[in-house]
Amino acid sequence: MAGPHESIRVFAASRPSLRELWASRSGRFDRLHLISPSDAVAGESVTVRVQAWDEYERLHAIEGTPSLDSTDDDATVPGDVSFDGDGPSVGPGNPEAGFTTVEVMFSTTGVQYLTAEYRGERFVSNPVRVHDTEPDERTLWGIFTSTRRCRTGRGRRPTASRSLGR
């Protein structure tokens, strides 16, 4: 494991210049995220979060309105997304930038996706499993982590484990 001096040496060797730091204060649009529930019931609306991000992984104000669509031809989807101030405040002088929610209603069972188009680029949501009735179990996607403590001959040391969930 690297000591504190090694960390300082690595930071000093790769530190950004003041010009680079100043330029990164205002990133440019990089992508949209469409975050949907993993499960939905046909005919019932779900809330979808739409987020605009810059290249530095920050919420980003955008101009214009992305258009939305679905792989479910019979879904009720708002045609355009407006970032008009309905999201949480994300920064001084720039409230509500880069975040909004929309209501979507799927009609066809199976795995469906939402798509957004903005300035000629296409963005796709996570998969949504659409059911006839409320499912007994929910689908969770992602990496689940847990931390546990184990005793070694040298005292306590935390360990972490990861597993890919679906």
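**Exercise 1. Is Asp30 buried, partly exposed or exposed, and what is its relative accessible area?**

Solution. Residues are numbered from 1 along each chain as its sequence is written. The model is predicted, so local features need pLDDT of at least 70 and side-chain atom pairs count only at pLDDT 80 or more, while totals for chains, interfaces and linings use all residues; side-chain values use heavy atoms, with hydrogens and water left out.

Step 1. Apply the classes: buried means under 20% relative accessible area, exposed over 50%, and partly exposed in between (1.4 Å probe, protein chains only).

Step 2. Asp30 has a relative accessible area of 32%, and is therefore partly exposed.

**Exercise 2. Determine which side chain Asp30 meets in a salt bridge, and which residues form the network.**

Solution. Step 1. A salt bridge requires a side-chain nitrogen of Lys or Arg within 4 Å of a carboxyl oxygen of Asp or Glu.

Step 2. The side chain of Asp30 meets that of Arg31, at 2.2 Å from N to O.

Step 3. Arg31 is buried, at 18% relative accessible area, whereas Asp30 is partly exposed.

Step 4. Salt bridges link Asp30, Arg31 and Glu57 in a network.

**Exercise 3. Explain why the salt bridge between Glu55 and Arg28 ties together separate parts of the sequence.**

Solution. Step 1. The two side chains meet at 3.4 Å, N to O.

Step 2. Glu55 belongs to the loop between strand S3 (45-54) and strand S4 (67-70), and Arg28 to the loop between helix H2 (18-23) and strand S1 (29-35), so the pair connects parts 27 residues apart in sequence. Helices (H or I, at least four residues) and strands (E, at least two) are DSSP runs, numbered from the N terminus.

Step 3. Arg28 is exposed, at 61% relative accessible area, and Glu55 is partly exposed, at 28%.

**Exercise 4. Describe the partners in the salt bridge between Asp54 and Arg58.**

Solution. Step 1. The N to O distance is 3.0 Å.

Step 2. Asp54 is buried, with a relative accessible area of 2%, while Arg58 is partly exposed, at 31%.

Step 3. In total, the structure holds 5 salt bridges.

**Exercise 5. Summarise the protein as a whole.**

Solution. Step 1. The protein has 2 helices and 11 strands, in the sequence order α-α-β-β-β-β-β-β-β-β-β-β-β.

Step 2. Of its 166 residues, 30% are buried.

Step 3. Take the contacts (heavy atoms within 4.5 Å) between residues at least 6 apart in sequence. Among these, 57% join residues at least 24 apart.
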